[in-house]
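The report that follows goes through selected parts of a structural model, strand by strand and helix by helix. Please keep the sequence and the coordinates at hand while reading.

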Amino acid sequence: MEKYTLSVLVENSAGVLSRVVGLFTRRGFNIHSLSVGPTADDRVSRITIEVKGDVYMVEQVSKQLSKLMEVIKIKTLKESEMVKRGLVLVKIKTNPKNRGEIIEVANVFRANIIDLSPTTITAEVTGSDQKIEAFLNMVEGYGIEETARTGMTALERGANTLKIDK
Amino acid sequence: MNGADLAVKALEANGVKVVFGYPGAANAPFIDSVSHSSIEYVLSRNEQGAAHMASGYGRVNRVAGVCTATSGPGATNLITAIATAYMDSIPMVAITGQVKRELIGKDAFQEVDITGATLPFTKHSYLVNDVKDITRVVNEAFHIATTGRPGPVLIDFPMDVLKAPYEEDGEENEINLRGYKLLGKANETQIKKVAQALKKAKKPVILAGGGIALANAQEIIRDFVKDTEIPVIATMMGLGVLPTDDKKFYGMIGSHGTKCANMMLNRSDLVIAMGTRLGDRSVANAEGLEKSKKLVHIDIDPAEIGKNMQPYIPVVGDIKDVAVQLKSALGDYKANAEWCDEVDKLRKDTAPEISKEDNGFVNPRYFLERLSELTKSEAYITTEVGQNQLWTANHYTIKEPNRFLTSGGFGTMGYGLPAAIGASRAQSELPVIAVMGDGSFQMDLPELGTMQQYDIPVKMVLFKNDRLGMVHEHQYLFYGSNYQMVDITGGPDFAKLVDAYGIRSGRVSENSKVDDAIKEMMDGRESYLLIVDVSPYEPTGNALNESRMKEA
């Protein structure tokens with residue numbers, strides 16, 4: 001099974017997300033990750049969905065999504081033709097002895113330290129799935145108290161855009 | 001004016017003449033407003049009945065039928081009928097009352113999230129939160145329900161929105177659906193591919209689905225078949241696209257279709273499927289059809305293409321347009337005459353023998369053939385679900401697709417009688433016949449009251465075998481004749497029952513008396529119940545198993 005990324009422009013109105021997510025459950029498709037937010041046009045939201053499956057399944061997902069009234073436009077993004085990022089917040093166990101070491105690791109990953117306490121350090125990492133995984137692997141040894149991770153969000157590379165026809 | 005008045009005004013503007021429904025506190029403002037309008041209403045005995053009536057009405061008049069129910073249990077009672085309409089792509093607008101806005105989400109009395117509950121089987125739904133949106137929402141609902149691939153749309157109105165005073169002042173109520181794309185003509189490249197494939201094919205067959213009737217394209221397809229001479233088989237929803245006694249029609253496919261049609265599906269080298277989902281009951285061996293690389297799938301809904309099987313050539317478009325495009329690409333093409341002879345012979349060789357000797361039971365196949373003959377099929381006919389449905393589908397001559405109303409996709413018992421009431425309310429030109437089993441009739445019984453109250457006549461045929469026949473047969477075939485939960489001998493005396501409603505009835509248990517019984521039933525316009533005694537061991541009869549059931 002491969003991972004596919006769908007970029008979906010929807011009306012920014014109540015209940016849209018539940019229609020989209022409900023469709024996945026109902027038709028037996030699995031959502032790998034999901035992120036939602038308004039676009040520059042506040043009447044439109046963008047939903048980025050990662051799904052795992054074969055090419056036929058993704059085509060079917062895309063066609064079924066297109067049938068929803070609130071779905072304005074949809075595109076399956078190609079791995080090589082998009083930039084894709086996710087974000088994770090990690091709260092790592094720390095003590096005065098290893099705090100510096102953790103900050104060094106964070107620097108290598110260009111992670112931001114966004115909170116400190118005597119016993120914890122919270123880092124923010126943005127990047128691809130692999131980068132986030134690699135960072136989590138690196139800090140696992142110190143002890144991870146908690147993580148909060150977003151779904152991936154993506155845009156096409158270059159001048160290509162997902163435009164709404166006027 | 002208030003919200004309810006706006007909604008009713010918008011219904012009138014969308015051509016609504018009748019609303020089927022059941023009242024309650026939450027839709028009371030709507031009912032009140034209907035009473036001051038040109039729209040008439042029909043009170044059902046259960047909300048489910050009202051929605052099936054709206055479905056039957058809509059199919060006959062080629063409009064979106066309208067039903068209404070109150071919040072909570074009223075709304076949930078609609079659910080089965082909405083799902084029934086959805087599965088057969090029947091246009092419908094369901095209007096529900098909802099608790100007032102400030103109570104939504106508080107588990108108020110008779111509150112249910114009906115838009116949430118119906119999400120999987122409505123084409124679209126609305127919870128109207130602002131009185132200003134009402135006119136636009138109603139307009140959109142009718143547009144969505146009746147265009148493209150049709151389907152049911154639900155509008156949920158909180159009671160306080162219906163009661164909110166509002167005067168329209170030149171608002172923009174134009175529909176605003178930028179995410180809704182309607183398709184017409186198909187891509188010419190695909191049409192050319194189909195034409196080429198057809199010219200090469202030695203054994204082409206058209207598989208007609210219900211989409212043709214929904215598009216009202218049966219005349220176009222009839223002309224197409226006349227010109228090309230391609231033999232036609234059909235799914236249950238596609239019956240009547242060609243009159244079922246037409247010389248180019250070879251029967252229904254599927255697990256209970258005819259032997260001939262199923263064999264043709266297997267033998268053919270090019271299947272032109274038009275407006276069908278290719279559902280599991282129609283095509284059991286999806287993989288086989290996919291692998292044989294002979295499937296051309298034409299549908300208005302792109303998501304149907306490749307859903308159940310990958311076609312060899314996909315064509316997305318409105319069948320009305322596609323048939324015309326295809327005809328022009330084909331020129332004076334005619335289907336291979338050898339193949340036509342082969343299937344003619346096949347049809348002759350596989351024609352079932354219909355016995356009509358007297359043995360205390362009526363042969364339902366013989367009955368339905370006589371019913372077609374004596375009425376000349378000049379009637380609307382509805383069925384319930386089970387043996388009665390399949391006997392009718394295979395043995396009653398269906399001349400027009402929209403005159404045969406059945407729950408094909410969802411298989412809903414309790415559909416036939418209310419759908420017949422809807423069909424009868426929709427027109428008075430032709431009689432309406434409801435074919436039922438004694439199981440499904442008992443899911444409908446209360447609607448006899450609706451029929452009588454509003455003088456909506458239905459000719460009822462009740463195949464009585466004291467069994468849930470289809471399951472009974474299933475238990476014979478697959479559960480070693482362990483007949484459980486299929487015996488329904490508890491009564492009632494159906495003649496006395498309909499008499500209680502003032503409906504006349506008759507009974508027939510010999511084939512030789514069938515003609516007289518049918519003539520008696522069809523005499524006059526009023527409702528009538530004909531009880532037809534059928535053996536509990538009468539097989540459904542199908543391509544897969546022709547064996548007669550053994551007595552337990």
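Which residue of β2(B) does Phe20(B) stand opposite? The model, which is predicted, places Phe20(B) opposite Val42(B). Strand β1 (residues 18–21) of chain B and strand β2 (residues 40–43) of chain B are paired in the parallel sense, with four bridges between them. Together with helix α2 (residues 28–35) of chain B, the strands β1(B) and β2(B) make a β-α-β unit that is right-handed.

**Domains of chain B**

Chain B is divided into three stretches, with domain 1 covering 3–163, domain 2 covering 188–350 and domain 3 covering 364–551. The centres of domain 1 and domain 2 of chain B, taken over C-alpha atoms, are separated by 36 Å, while the contact between these domains involves nine residues of domain 1 and nine residues of domain 2.

**The sheet β9-β8-β7-β10-β11-β12**

In chain B, six strands with parallel pairing form an open sheet in the order β9-β8-β7-β10-β11-β12. Because β9 (249–252) and β12 (313–316) of chain B stand at the edges and have a single partner strand each, one side of each is left without a neighbour in the sheet. On average, and with direction ignored, neighbouring strands of this sheet are turned by 20° against each other. Within the sheet, strand β7 (residues 204–208) of chain B pairs with strand β10 (residues 270–274) of chain B in the parallel sense over five bridges, and Val205(B) has Val271(B) in β10(B) as its bridge partner. Helix α14(B) packs on this sheet, where it touches β7 and β9 of chain B, and its direction makes about 50° with that of β9(B).

Helix α14 (residues 337–350) of chain B also meets helix α11 (residues 259–267) of chain B, the two axes coming within 9 Å and crossing at roughly 145°. The crossing in which α11(B) passes α14(B) is right-handed. On the side of α11(B), the residues in contact are Lys259(B), Cys260(B), Met263(B), Met264(B) and Arg267(B), and they meet Trp339(B), Glu342(B), Val343(B), Leu346(B), Arg347(B) and Thr350(B) in α14(B). By residue type, this contact of α11(B) with α14(B) comprises six nonpolar, one polar and four charged residues.

**The sheet β14-β13-β15-β16-β18-β17**

Another open sheet of chain B has six strands in the order β14-β13-β15-β16-β18-β17, and here the pairing is parallel. Its edges are taken by β14 (404–405) and β17 (504–508) of chain B, each with a single partner strand, so one side of each is left without a neighbour in the sheet. Strand β13 (residues 380–383) of chain B runs parallel to β14(B) and is joined to it by two bridges; the bridge partner of Thr382(B) in β14(B) is Leu405(B).

**Backbone details**

The peptide bond from Gly491(B) to Pro492(B) is cis, with omega near 0°, and Pro492(B) belongs to the loop between α20 (469–478) and α21 (494–500) of chain B. In chain A, Arg110(A), a residue other than glycine, has a positive phi near 50°, and Arg110(A) lies in the loop that runs between α3 (99–108) and β6 (112–116) of chain A.

Key:
Residues numbered from 1 in each chain as written. Chains lettered and ligands numbered in written order. Predicted model: local features only at pLDDT ≥ 70, side-chain atom pairs only at ≥ 80, totals over all residues. Heavy atoms only, no water. Axes fitted to C-alpha atoms, helices over the stretch in contact; angles between N-to-C directions. Left-handed = near helix turned anticlockwise from the far one by under 90°. Contact = heavy atoms within 4.5 Å. Nonpolar A, V, L, I, M, F, W, Y, C, P; charged D, E, K, R; others polar. Pairing = 2+ DSSP bridges. Right-handed = clockwise from strand over helix to strand, strands pointing away. Domains from an automatic or database assignment.
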